[in-house]
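Thanks for coming. I have one structure to show today, and I will take it from the overall layout down to single residues. Please look at the display while I talk.

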Amino acid sequence: MKRCLLVVVFLFCYCFVFSQNQITISSITITGNKITKEDIILREITFSKNSTFSATDLEQKIKESKENLINLKLFNFVEISYTLTGDKAQLTIDVTENDLVRWLDRELRQTDIPQATMIKFIRLIISDLLARPDVTLTALVRNKFPIARAIRDLISRYRKQAQTD
């Protein structure tokens with residue numbers, strides 16, 4: 001019985017120690033900040049270069065950092081991603097300062113739609129696009145003219161649908 005208990009304890013400790021692979025943050029790259037200084041962004045994130053975390057802890061730190069950055073109200077969108085090379089992680093923090101949504105709002109201004117409603121509509125569309133794994137903030141900013149055209153077409157379709165209903 002003692003031997004069996006000892007084996008169970010040993011296996012538990014072995015599994016616990018070796019299942020907690022540690023990931024070290026080797027670099028942090030910040031993109032999209034034209035106005036906001038890097039120091040402000042780095043101040044709000046809950047990790048730093050050369051920090052070491054388990055995979056689950058790193059995911060939690062990324063989530064907390066994203067919330068902190070969004071709560072600053074300086075950015076419309078914040079995306080934090082990382083690539084793993086062995087036990088090293090290269091983090092990328094991609095922010096969109098209110099520029100894209102504001103630009104789209106100016107381009108798509110409708111006299112019969114309140115500005116707050118239009119901004120909310122644009123933010124929902126951009127958020128939906130960013131939820132796709134193959135779409136980045138950088139790509140959206142670079143393609144702002146086709147996005148504006150697509151949103152304008154969508155508004156047109158909604159207007160036509162409302163008229164037929």
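Predicted model: local features only at pLDDT ≥ 70, side-chain atom pairs only at ≥ 80, totals over all residues.

The chain has seven helices and four strands. Reading from the N terminus, the order of elements is α-β-α-β-α-β-β-α-α-α-α. There are 165 residues, and 31% of them count as buried. The chain exposes about 11200 Å², with carbon and sulfur atoms supplying 56% of that area. If you take the contacts with a separation of 6 or more, 59% of them are between residues 24 or more positions apart.

Now the sheet. In what order do the four strands lie? The order is S2-S1-S4-S3, in an open sheet with mixed pairing. At the edges are strand S2, residues 52–54, and strand S3, residues 75–85, each pairing on one side only. From one strand to the next, the twist averages 35 degrees.

Helix H3, residues 55–71, packs on this sheet and touches S1, S2, S3 and S4. The direction of H3 makes about 160 degrees with that of S3.

Let me go through two of the pairings. Strand S1, residues 22–31, runs parallel to strand S4, residues 88–97, and seven bridges join them.

S3 and S4 run antiparallel, joined by ten bridges. Here Ser81 has Thr92 in S4 as its bridge partner. S3 and S4 form a hairpin with two residues between the strands, and in that hairpin Gly86 takes a positive phi near 70 degrees.

Next, the last helix on my list. Helix H7 covers residues 144–164, which is 21 residues. From its first C-alpha to its last, H7 reaches 30 Å, close to the 30 Å expected at 1.5 Å a residue.

Which residues of H7 are buried? They are Ile147, Ala148, Ile151, Leu154 and Ile155. Seen down the axis of H7, these buried residues fall within an arc of 120 degrees, so they line one face of the helix.

On the face of H7 turned away from the buried side, the exposed residues are Phe145, Arg157, Lys160, Gln163 and Thr164.

Is Lys120 buried or exposed? Its relative accessibility is 58%, and the cut-off for exposed is over 50%, so Lys120 counts as exposed. Between Lys120 and Asp105 there are 9.8 Å in space, C-alpha to C-alpha, and the two are 15 residues apart in sequence.

To recap: an open sheet of four strands, helix H3 packed on it, and helix H7 with its buried residues along one face. That is all I have.

Methods
Residues numbered from 1 in each chain as written. Heavy atoms only, no water. Pairing = 2+ DSSP bridges. Axes fitted to C-alpha atoms, helices over the stretch in contact; angles between N-to-C directions. Contact = heavy atoms within 4.5 Å. Buried < 20%, exposed > 50% of the residue type's maximum accessible area, 1.4 Å probe, protein only. Areas by Shrake-Rupley, 256 points an atom, 1.4 Å probe, with all protein chains shown as cover. Expected span 1.5 Å × (residues − 1). Arc of directions from axis to C-beta.
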